[in-house]
Amino acid sequence: MMILNKSVSALKMKIDNYSIFRHLEIFIKVIECNSFSAAAQKLNLTPSSVSRSISQLEEQLGVVLLKRTTRTFVLTEPGQYLLSRAQHLLEELDESLVNTASFHRHPQGQLRITCSIAFGVCHLMRLYGDYRKMNPDVSLFVDLNDQNVNLNEENFDIALRITANPPTNFALRKICNINWVYCASRDYLERRGVPKTLEELEEHDCLINPNVCDNWVYQDSEGRSRPLQGNSVIEVNSTLGLQHAALQHQGIVSLPTYMLGDHITNGRLVPVLTEYNIKEHEYSLFALYHPGHYQDPKIRSFIDFLVENITDRPVWDEWLMSSRAENSEEV
């Protein structure tokens, strides 16, 4: 009996050191979907990570839960037992967490956000400063990263993404449309002239981000997208780097207006060819989050704050709205 108790205690200590609840969630999803690949898709994970999670769970427990074949799997007796108990356990855990969260009705704790480097540098810090005036108990952790971070594999509450094709496996809210324009410094345009057509633009020094595939294109007479053959004097895989090159009078750049508003307003950069639609598709800023986490006051209140304060007429687009209004009056 003493040997058995020692064995159980050792197993409990081992399990406590692992993300056991995440493994159980994946295990249950595999059974529900009757497929490793389908479960991976539902959980926004790779099939290999799902398989690895099941293997780790089996290793921790010291039993085989699923007998795998080339095309399917069969639940073992320990697997059937764990499934029946784990489903009830996770349901109770969810209920307990919701009830615990209900004790606090105001936003508090650390808010973890991942977003692109450019948007974080240009706007996120200012927005958080205004938000914190109303929510002083919320601290901020930010990951500035131009790679798409998987919310299911990383510990973040919100991902701010600018895209034409938002993912469908997360909850999301659209914050605003993102416009793009060509622009250059006044000094550069005085030296080289202001392009009036796309053909003239091709004769200018162009500042290019080689990782952005649908920049520097136009629609031909048949509606097909064609690349502009500009003189690419600088290529850099950073929008902030391109912005700095434009401010240093190096050439014409194509950038989102959230990076340009202040510089255009103060005259350091001048937009050109604004009548052309640079992008083939409409880009927007989205806030992505886990559906079950939206009841967290800090997550819900920050997303609401972004929607209310950025609006569909962002402050960085005030010059663009005025320009379009003037063009409309002229017509």
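In the predicted model, strand β7 (residues 180-185) pairs with β13 in the antiparallel sense, over 4 bridges. Within this pairing, Tyr182 stands opposite Val272 of β13. Both strands belong to an open sheet of 5 strands, arranged in the order β11-β8-β12-β7-β13 and with mixed pairing. The edges of the sheet are taken by β11 (231-235) and β13 (269-272); each has a single partner strand, so one side of each is left without a neighbour in the sheet. On average, neighbouring strands are turned by 40° against each other, direction ignored. Helix α9 (residues 239-247) packs on this sheet and touches β7, β8 (205-208), β11, β12 (252-256) and β13. The direction of α9 makes about 135° with that of β12.

When residues up to four places away in sequence are not counted, Leu160 touches Ile113, Thr114, Cys115, Ser116, Phe119, Leu124, Leu285, Phe286, Ala287 and Leu306.

The cysteines were examined for disulfides, and the count comes to 0 at a sulfur-sulfur cut-off of 2.5 Å. Cys206 is buried, with a relative accessible area of 1%, because this value falls under 20%. Cys33, with a relative accessible area of 23%, is partly exposed.

Methods. Residues are numbered from 1 along each chain as its sequence is written. This is a predicted model: local features need pLDDT of at least 70, side-chain atom pairs count only at pLDDT 80 or more; totals for chains, interfaces and linings use all residues. Side-chain values use heavy atoms; hydrogens and water are left out. Contact means heavy atoms within 4.5 Å. Buried means under 20% relative accessible area, exposed over 50%, partly exposed in between (1.4 Å probe, protein chains only). Two strands pair if DSSP finds at least two bridges between them. Helices (H or I, at least four residues) and strands (E, at least two) are DSSP runs, numbered from the N terminus. Axes are lines fitted to C-alpha atoms, for helices over the stretch in contact, and angles run from 0 to 180 degrees between N-to-C directions.
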